[in-house]
Amino acid sequence: MTHNESPATGIPERRIAFYGAGSMAEAIARGLLDRRLASADRLFMINRSNEERLHELRERYGVVTPSADNEKREALRQADIIFLAVKPKDAQDAILSLRDVVSSGQMIVSVIAGLSIRTIEQLLDKPVSIVRTMPNTSSTIGLGATGISFSESVTQAEQDAAIEMFRCLGVSIVVEEPLLDTVTGLSGSGPAYIYYMMEAMIQAGTALGLEEADARKLTVQTVLGAARMVEITGEEPADLRRKVTSPGGTTQAAIETLEQHGFAESVTKAVSRSAQRAGELGAMIERSTIQ
């Protein structure tokens, strides 16, 4: 299969509606269009009130953007796949408004952080295939990392379709739903950890005499190169680290300093706390939606 050929999942023949038209919805739509997994005339973008945003998306991608309430409802009713891409605070109203629209033949794909499959099922109050996902912000440039979980009613064909769609955004893994909190801690919040490290590296380079622009350029290329080395060579990060850490050399001195300050332990605690917080936020959403 070439990059632009359609897979056997039948996605291009399906009508896809996005309920919510923010940056993540746009990233997914763009990925589907770029990979020819969807055609613009079968791709519907819907939000509650921001007409300017819908106009922008229509002009940029040629997608369908119904504006009248009855047109929005009809687009959702006829969709084969509905992406739930609203903000968590708007989730309850959005899903309740779908209750009288969706039917058992449709697949709901949620990109709402913290919103459990169980909560979606309870709010919809009908048997619908539900896919819960945790993408990260790098998805907007096609280099995302996404965790995916399925409700019991999702068929193998539907699973294949969901996985194929999120491949448009980067890499994806299928996990049991409780592990999506771990995915949140690792890759959902992960870009921020790397940015934080980069901030510190740029500050250090500047403090030690480099022009800020030069320190930034060197830092960006260093991080990019390190990630690509792991990807291209297939070697473990620990092995690559050892290869550049000569005994008694400059890198060893730096690594020892990081170890003395608990670098690895701090990263582990950060990922763990992020995962824990994801669970806390999920519980809060569940309490607020299921009265």
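**Helices, patches and salt bridges**

Student: Which residues in α8 do G185, L186, S187 and G188 in α7 meet?
Tutor: Helices (H or I, at least four residues) and strands (E, at least two) are DSSP runs, numbered from the N terminus. Contact means heavy atoms within 4.5 Å. On the α7 side we have G185, L186, S187 and G188, and on the α8 side they meet G190, P191 and Y193.

Student: What pLDDT do side-chain atom pairs need in this predicted model?
Tutor: Residues are numbered from 1 along each chain as its sequence is written, and side-chain values use heavy atoms, leaving out hydrogens and water. The model is predicted, so totals for chains, interfaces and linings use all residues, local features need pLDDT of at least 70, and side-chain atom pairs count only at pLDDT 80 or more.

Student: Are α7 and α8 roughly parallel or roughly antiparallel to each other?
Tutor: Axes are lines fitted to C-alpha atoms, for helices over the stretch in contact, and angles run from 0 to 180 degrees between N-to-C directions. Here the two helices pack at about 30°, with axes 5 Å apart. Angles under 35 degrees count as roughly parallel, over 145 as roughly antiparallel, 65 to 115 as roughly perpendicular and the rest as oblique. The two helices are therefore roughly parallel.

Student: How many helices and strands does the chain have?
Tutor: The C-alpha trace spans about 70 × 40 × 35 Å along its principal axes. Its secondary structure comes to 12 helices and 7 strands.

Student: What percentage of the 291 residues in the chain is buried?
Tutor: Buried means under 20% relative accessible area, exposed over 50%, and partly exposed in between (1.4 Å probe, protein chains only). Of the 291 residues, the buried share is 41%.

Student: Is M165 buried or exposed?
Tutor: M165 lies in helix α6, residues 156-167. Leaving aside neighbours within four places in sequence, its contacts are I11, I16, L32, L37, I81, F83 and M107. The C-alpha atoms of M165 and I28 are 7.9 Å apart, though 137 residues separate them along the chain. M165 has 1% relative accessibility, so it counts as buried.

Student: Which helices each supply at least two residues of the nonpolar patch?
Tutor: Patches take residues with over 30% relative accessible area and no salt bridge; like charges are joined within 9 Å, nonpolar side chains (Val, Leu, Ile, Met, Phe, Trp, Tyr) within 5 Å. This surface patch holds M197, M201, L258, F263 and V267, with about 370 Å² of accessible area together. At least two of its residues come from each of α8 (190-207) and α12 (263-289).

Student: What is the relative accessible area of F263?
Tutor: F263 is found in helix α12. This residue counts as partly exposed, with a value of 38%.

Student: How many salt bridges are there by this rule?
Tutor: Side chains of opposite charge can pair when their charged atoms come close. A salt bridge is a side-chain nitrogen of Lys or Arg within 4 Å of a carboxyl oxygen of Asp or Glu. By this rule the count comes to 17.

Student: How many residues apart are R118 and E286?
Tutor: Their side chains meet in a salt bridge, 2.0 Å from N to O. The pair links distant parts of the chain, R118 in helix α5 and E286 in helix α12, and the separation is 168 residues.

Student: Where does E177 lie?
Tutor: R132 forms a salt bridge with E177, with the closest N and O atoms 2.8 Å apart. R132 lies in strand β5, so the pair ties together parts that are 45 residues apart in sequence, and E177 lies in the loop between β7 (170-174) and α7.

Student: Which helix holds both R242 and D239?
Tutor: R242 forms a salt bridge with D239, with the closest N and O atoms 2.6 Å apart. The two are 3 residues apart, about one turn of the helix, and both lie in α10.

Student: What is the phi of R36, although it is not a glycine?
Tutor: R36 is found in the loop between α1 (23-34) and β2 (43-46). R36 is exposed, with a relative accessible area of 52%. Its phi is positive, about 60°.

Student: What is the relative accessible area of D125?
Tutor: D125 also has a positive phi of about 60° although it is not a glycine. D125 lies in the loop between α5 (117-124) and β5 (129-134). D125 is exposed, at 58%.

Key. Areas by Shrake-Rupley, 256 points an atom, 1.4 Å probe, with all protein chains shown as cover.
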